[in-house]
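Q: Please take a close look at the aromatic rings and at the charged side chains. How are they placed, and which of them are buried or exposed?

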Amino acid sequence: MLLEKIISISGKPGLYKLVSQLRSGFIIEDVTNKKKVSIGNSSQVSLLDNIAMFTFDKEVPLFEVFENIAKNYDYKEAIPHKSSDAELKEFMTASLPNYDTERVYASDIKKLAQWYNILQKAGYITPESFVKAEPETLDGEPAEEVSLETEATKKSAAPKAEKAVAPKVKATAAAKAAPKSTHTKKG
């Protein structure tokens, strides 16, 4: 899928494509003007592939909503993000009929329309952009899914409590300079 590495950066307008990772951040490319820049690890980045929109039943991945918009607009530009709230709600209802009207705000719909139009102008919205690539075998045929789970692993995979994984946090200069605890054990 062409849209897998597209990101939004908090505080920066537009959308970007992840090009590569550096030790101290990432190299990104603006999807509209193709300029490459680097950003630091402290930037708040959202991968569009991880964003979903609320419906009354479930959460729908953003790219499925983009695909619905693309089909509704024949893969052409959608309504402007500065349209009236009534037009934006109509646009959203046509794109995702069962969207949760209480949890999807007008600002979310504006961002959806804006992002779709940015991607469409940059050439990312095409019928081919929504096709997921299937793994191929050496003879060019699609690979069959193979389950590596056996009866023994099914039995040993009894429900376990999932551990919450804490994100790695780099120590700041202030934390490094903070004095160590002065408590000593008397004995």
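A: A residue is called buried when its relative accessible area is under 20%, exposed when it is over 50%, and partly exposed in between (1.4 Å probe, protein chains only). This is a predicted model, in which local features need pLDDT of at least 70, side-chain atom pairs count only at pLDDT 80 or more, and totals for chains, interfaces and linings use all residues. Residues are numbered from 1 along each chain as its sequence is written, and side-chain values use heavy atoms, with hydrogens and water left out.

We begin with the aromatic rings. Rings of Phe, Tyr and Trp (its six-membered ring) pair if their centres lie within 6.5 Å, and their planes are stacked under 30 degrees, edge-to-face over 60 and tilted otherwise. The structure holds 3 such aromatic pairs. In one of them, Phe66 and Tyr116 lie 6.2 Å apart from centre to centre, with 50° between their planes, and the pair is tilted. Phe66 belongs to helix 1 (residues 62-72) and Tyr116 to helix 3, so this pair ties together parts that are 50 residues apart in sequence. Helices here are DSSP runs (H or I, at least four residues), numbered from the N terminus. Both Phe66 and Tyr116 are buried.

A further pair is made by Tyr73 and Phe91, and it is tilted because the ring centres are 6.1 Å apart and the planes meet at 55°. This pair, too, links distant parts of the chain: Tyr73 stands in the loop between helix 1 and helix 2, Phe91 lies in helix 2, and 18 residues separate them. Tyr73 counts as partly exposed because its relative accessibility is 27%, whereas Phe91, at 3%, counts as buried. Phe63, Phe66 and Tyr116 together form one aromatic cluster.

We turn next to the charged side chains. A salt bridge is a side-chain nitrogen of Lys or Arg within 4 Å of a carboxyl oxygen of Asp or Glu. By this rule the count is 4 salt bridges. One of them joins the side chains of Glu67 and Lys71, at 3.6 Å from N to O. Both residues lie in helix 1, 4 residues apart, which is about one turn of the helix. With a relative accessibility of 23%, Glu67 counts as partly exposed, while Lys71, at 53%, counts as exposed.

Another salt bridge brings Lys76 and Asp74 together, at 3.4 Å from N to O. Asp74 counts as exposed because its relative accessibility is 51%.

Asp100 and Arg103 also form a salt bridge, and their closest N and O atoms are 3.2 Å apart. Asp100 counts as buried, at 9% relative accessibility, whereas Arg103 counts as partly exposed, at 42%.

Tyr105 counts as exposed because its relative accessibility is 51%. The C-alpha atoms of Tyr105 and Lys89 are separated by 9.4 Å, and the two residues are 16 residues apart along the chain.

Methods:
Helix = DSSP H or I, 4+ residues; strand = E, 2+ residues; numbered from the N terminus.
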